[in-house]
Amino acid sequence: MKRDIILAGVGGQGILTIATIIGYAAVERGLSLKQAEVHGMSQRGGDVQSHLRISDAPIYSDLIPEGRADLILGIEPMETLRYTTYLAPDGWLITNRKPFVNITDYPDYETVWKEIEDLPRSILVDGEKLAREVATARSMNMVILGAGSPFLDIPAEDLEGAITAIFSRKGDAVVEQNIAAFRSGRAFAEESNLATE
Amino acid sequence: MKRMLLLGDEAIAQGALDAGLSGVYAYPGTPSTEITEYIQKVKEARERGVHSDWSANEKTAMEAALGMSYAGKRAMVCMKHVGLNVAADGFVNAGITGANGGLLVLVADDPSMHSSQNEQDSRYYGKFALVPMIEPSNQQETYEAAGHAFALSEKYATPVLVRITTRLAHSRAGVELSDPRAENDLRLPADKRQFVLLPSIARKNYQSLLGKQVAFEEEAENSPFNKYIDAEDRSLGIIACGIGYNYLMENFPEGCPHPVLKLSQYPVPRNHVKRMLDECERVLILEEGAPFVEEQIRGLMDATYNILGRLDGTVPRAGELNPNIVAKSLGREIALTEDKSEIVRPRPPELCPGCPHIDSYNALNQALMELEPGRVFSDIGCYTRGALEPFNAINSCVDMGASITMAKGAADAGLFPAVAVIGDSTFTHSGMTGLLDAIIEDSPITVMIVDNETTGMTGGQTSSARGKLEDICKGLGVPEDHIRVVEPLKKYHDENVAMIKEELYHKGVSVIIERRECIQTAKIARKLAKEVKS
Ligand SMILES: Cc1ncc(C[n+]2csc(CCOP(=O)(O)OP(=O)(O)O)c2C)c(N)n1
């Protein structure tokens, strides 16, 4: 198996937490992993991305080739569009719906959403809303991870195990909230996916 | 065997620790910062007492590492590529003195300038200083490079340069660790004049360094990091340097049909190269950075062989490599499914809401309002973002410390008022000596030190300036009544503007210290305090 995933967002939104959880679950399964991160220039408020590669064979490049990503997973919709050229022919783009606007020339929201919906395989998730229903808005990134999880080829239990391991330091309540957020995102993606097929 | 998931930066740190490191010396700089931070964090390093405090700049770091090597212990100095410009005097001369304990100079280059002013390739420095170099291709090799570099350094009494680049420094992968080796004992050089570079001794040392070049090349010829992988299709041969090898193999997951020279240790091993040139019709050179190997192989006349690379346009002349660029250079372009979106806008990093630099710039802009713009020289740090909207407050950013010295030069030319804006960490890195120049000539410049009490840009490392700025300025000779300390806050805006105006028109050196803690480090400090209480 091989999964090449681009994580996209704005500095400070928590894409690295998503990367860490997927990475943890992959390593526990004995898979090879490469994860290129953006550090430095303290990217606050700027665009950030991470290339996450998982495979049962050796991985050479730290970067995913353009045209080969199986999944673009985003916390911010315009940021996912920044990487459309990375999509493989059967690649998915799954992103949080709510724009993060800290620039004066942010495009029209409807245009952003439409461009995402017009892709052959994409899901827009209202991450904040789903997170608030089961936890707090802060668990939005776990909703997004959940929404991307059916496309990772890693069992949900393994990802939940990774969430537990990574958040355990913060107490059981935080772990439970994050798992609930994860499940709600996963359920949403499974429904939308069925709907498109 | 122990296995860890490590960034390239962490791999070199762990490798050095396992190879008996006694001290790391560094000034922060992306993408090298995490090396020292890792060693500061690791329990084992603390227990062993491995030195890991930050240095004031790369030159002081280089020289302290050389001192530790003099005393017989294994030392590493880390920096970003432009840091080697600052450390160059120490580095090149360390080539002449040679090492005693293993001396590893780790430089992290930043091709494509993700967070740098330029994309200089440190391999030129290694060649310039005539020292061996290792350019690992992945995290595992990076880990192993540390021990290999120390062994090589001690075998030939020479510093060894290890070069990594952004993508390796900041990418995580599994690494297998080897058994740790003990640190060296204190052991002074056998020759008590080895490090005395008086011309007569330096000439002798230089001859000895020149004499070692053959052995350095033999080491590269037989290095475990270099490999000649022969293959059937000799219409093309490929020399793949450092992580260029990964991008090549990414394009041939089943194995490359052409002969490949995987090159990760220098000087360039000529026998391998000659074999490839003789056996293959054309040779493609893939390097992450400048055409360093390519230029050496082509030579000035570029006549004999059929060589492809950055110089003939097969590979773009500037910027980092990636799998697509390499695919294209092999004539195997990867087809894209989706177009680039037309609506995406750039989203550059910004000053955090509440950042003290915002208030400093608002006050400075207002104080300068009646004057023709273009008189503010600045420097490198978070505050460089003052060049962009909505501030448009600064007119230069060149190299660390250049704000004060450029303001002085412009003042010498008759620009008045001339202003320098410099961060606290940048000031102690390279601003102090320039300020001394200005004081000696009583140049009419206004220096604004934006003191957020940390090294903000690289993630909040301890600043050597902390608690010392007024004393440093006084000690250098700035008159006390022209050292002004203000708190950059909106509520003090009007008085801060008035004060800046006063100093702007003073016909001599004045220093305004804008002091308010970085909101990011303040937030972390508050959180820690809360955790301690609960
Ligand atoms: C020679 C050199 N070393 C290191 C760096 C990386 N670097 C850029 S700015 C900076 C620190 C700036 O800190 P400070 O002056 O306190 O300003 P702040 O970012 O906190 O506003 C560093 C380490 C560099 N660009 N050049």
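In the predicted model, a polar side-chain atom of Glu58(B) lies 2.6 Å from a nitrogen atom of the ligand, a polar contact being a pair of N or O atoms within 3.5 Å (within protein, one must be able to donate a hydrogen and the other to accept it, and residues adjacent in sequence count only if both atoms are side-chain atoms). An oxygen atom of the ligand is placed 2.9 Å from a polar backbone atom of Thr454(B), and an oxygen atom of the ligand is likewise 2.9 Å from a polar backbone atom of Met457(B). The ligand is surrounded by 26 residues, of which Glu58(B), His357(B), Asp424(B), Thr426(B) and Gly456(B) are the closest; a residue is near a molecule or strand if one of its heavy atoms lies within 4 Å of it. Because the model is predicted, local features need pLDDT of at least 70 and side-chain atom pairs count only at pLDDT 80 or more, while totals for chains, interfaces and linings use all residues. Residues are numbered from 1 along each chain as its sequence is written, chains are lettered from A and ligands numbered from 1 in the order in which they are written, and side-chain values use heavy atoms, with hydrogens and water left out.

Glu58(B) also belongs to a helix pair. Helix α4 (residues 58-70) and helix α5 (residues 81-97) of chain B have axes that come within 7 Å and cross at roughly 25°. Helices (H or I, at least four residues) and strands (E, at least two) are DSSP runs, numbered from the N terminus; axes are lines fitted to C-alpha atoms, for helices over the stretch in contact, and angles run from 0 to 180 degrees between N-to-C directions. α4(B) is therefore roughly parallel to α5(B), where angles under 35 degrees count as roughly parallel, over 145 as roughly antiparallel, 65 to 115 as roughly perpendicular and the rest as oblique. From α4(B), Glu58(B), Lys59(B), Met62(B) and Leu66(B) meet residues of α5(B) including Val86(B), Phe91(B) and Ala94(B), contact meaning heavy atoms within 4.5 Å. The residues of this contact comprise 6 nonpolar, 3 polar and 3 charged; Ala, Val, Leu, Ile, Met, Phe, Trp, Tyr, Cys and Pro count as nonpolar, Asp, Glu, Lys and Arg as charged, and the others, Gly among them, as polar.

Asp424(B), one of the residues closest to the ligand, lies in helix α17 (residues 424-440) of chain B, whose axis comes within 10 Å of that of helix α18 (residues 469-476) of chain B, with a crossing of roughly 20°. α17(B) is thus roughly parallel to α18(B). Asp424(B), Phe427(B), Thr428(B), Met432(B), Leu435(B), Leu436(B) and Ile439(B) of α17(B) meet Leu469(B), Ile472(B), Cys473(B) and Leu476(B) of α18(B). This contact divides into 9 nonpolar, 1 polar and 1 charged residues.

His357(B), also among the closest to the ligand, falls within helix α15 (residues 356-367) of chain B, which packs against helix α19 (residues 493-504) of chain B at about 55°, with the axes 9 Å apart. The two helices are therefore oblique to each other.

Backbone geometry was also examined. Most residues other than glycine have a negative phi, and most peptide bonds are trans. The peptide bond from Tyr266(B) to Pro267(B) is cis, with omega near 10°, and Pro267(B) is in the loop between β11 (265-266) and α12 (270-279) of chain B. Phe416(B) and Pro417(B) are likewise joined by a cis peptide bond, with omega about -5°. Ser112(B), although not a glycine, has a positive phi of about 80°.
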